[in-house]
Amino acid sequence: SSGINAEWPLRPGTVYQHVLCCTAVLVLCNLQGGAEAQRRRIGSDLLMASMQDSISLLTELTTDQADKIASLTEDQADKIASLTKDQADKIASLTTMMTTKLDEAREEIGQLKRDLSSSQSKIAQLENGTALFHNETKIGIEELKNNLSSSQSKMAQFKNETMVAMDELKSELAENLEEKRAELVNATSSMKNESEAGMEELKSELSNDIEDLAAKLDDISWPEGSYCVLGSGGSCPAGFTRIQGYIYTIYTASSASYLRAATFGDSSIGCRRGCSYTGTNHNADLKIVSCCK
C-alpha cells in the first residue's frame, strides 16, 4: 500500500506511533467507496499484521522492562534495606546516647535541685543567725553604752577625788620640804664644821707618817759583799757600777717555736724580725744591763 510508510522492524520508540498510523489508515479506508474495496482489504491486512507485530514487540518490551524494573527494585530494596539498617543503627546509637545524656542531665538537675534546697536552707539559717547576731549586738551595744556612762561617772568622781588628794599632798609636801630644807641646812653646816676639823687632824697625821717613812728610808742600805743586780731606770744605786752587754742576730731554728720575747728592767731578749716571722734565717737579740759592786 502506497499510503502506508511502514518501517520494519519497528523501533521500540515508535510502536505507539505505528499503531496510531494504522488506525488512521483503517478509518480512511472505511470512508472510501466500493471501488476501493480491494485496496481496503489490503490495508486492513497490513494493518492487522502491523498491529500484531506491534503487540508482540510491546509484550517483549514490557517483559524486559518488568525484569529490569524488578532487578532495579531488588537492588534499590537492598540498598534501601542497607541504608535503613545503617540509619536504624545510627538512630539506636543516637537514641542510646541521647538517653544517657538525658539521664545525666536529669541527675545533674536533681543534684542542682538538692544543692539549691541545701543553699536555701543555709541561707535561711544564715538569715536567722544574722538576725540573732544583730539582736545580740544591739543588746551588747546598749550594755556597753550603759557601762561606758557608768565608767565616765566613776572616772569623773575619781578625778575629783584625785585632784583633792593631790592638793592635800602638795600642801603636805610643801610643809615637809621646808622642814627638811631647814634640817638639811643645819646638817650641812654641822658636817662642814666637822669635816674641816677632821681634815686638819688628818693632815697632821699624814705629815707625821711621811716624816717617819722618810727617816726609815734613809736607814735602808744594800747588803755587804760583791754581787750584781739587773739594772732598771737607766742608773744604778749609790755604790754600784752599771755594766751592760749584748749579742745580736743569734741564729735559731724557728722564732715561734724556740724563742719568747721578754723584758727585765733595762735587759731584754727578743726576735730580730719579730717572733711571728715564718720565713728562713730566724735570729734572736739578747741584751743584759746590770748594776754591780
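What is the torsion about the S-S bond of C228 and C292, and is the disulfide right-handed or left-handed? In this predicted model, that torsion is about 115°, and the disulfide is therefore right-handed. The bond itself joins C228 to C292 with an S to S distance of 1.8 Å. C228 belongs to strand 1, which covers residues 228-230, while C292 belongs to strand 5, which covers residues 282-292; the pair therefore ties together parts that are 64 residues apart in sequence. C292 has a relative accessibility of 11% and so counts as buried, since buried means under 20% relative accessible area.

The count of disulfides in the model comes to 2. A disulfide is a covalent bond between the sulfur atoms of two cysteines. Besides the pair already described, a disulfide joins C236 to C291, with an S to S distance of 2.0 Å. The torsion about the S-S bond of C236 and C291 is about -80°, so this disulfide is left-handed. The pair links distant parts of the chain, 55 residues apart: C236 sits in the loop between strand 1 and strand 2, and C291 sits in strand 5. C291 is buried, because its relative accessible area is 2%.

A further feature concerns the backbone at T249. This residue lies in strand 2, which runs over residues 241-252. The phi angle of T249 is near 55°, a positive value in a residue other than glycine. With a relative accessibility of 46%, T249 counts as partly exposed, because that class lies between the 20% limit for buried residues and the 50% limit for exposed ones.

Definitions and conventions. Residues are numbered from 1 along each chain as its sequence is written. This is a predicted model: local features need pLDDT of at least 70, side-chain atom pairs count only at pLDDT 80 or more; totals for chains, interfaces and linings use all residues. Side-chain values use heavy atoms; hydrogens and water are left out. Helices (H or I, at least four residues) and strands (E, at least two) are DSSP runs, numbered from the N terminus. Buried means under 20% relative accessible area, exposed over 50%, partly exposed in between (1.4 Å probe, protein chains only). A disulfide is a pair of cysteine sulfur atoms within 2.5 Å.
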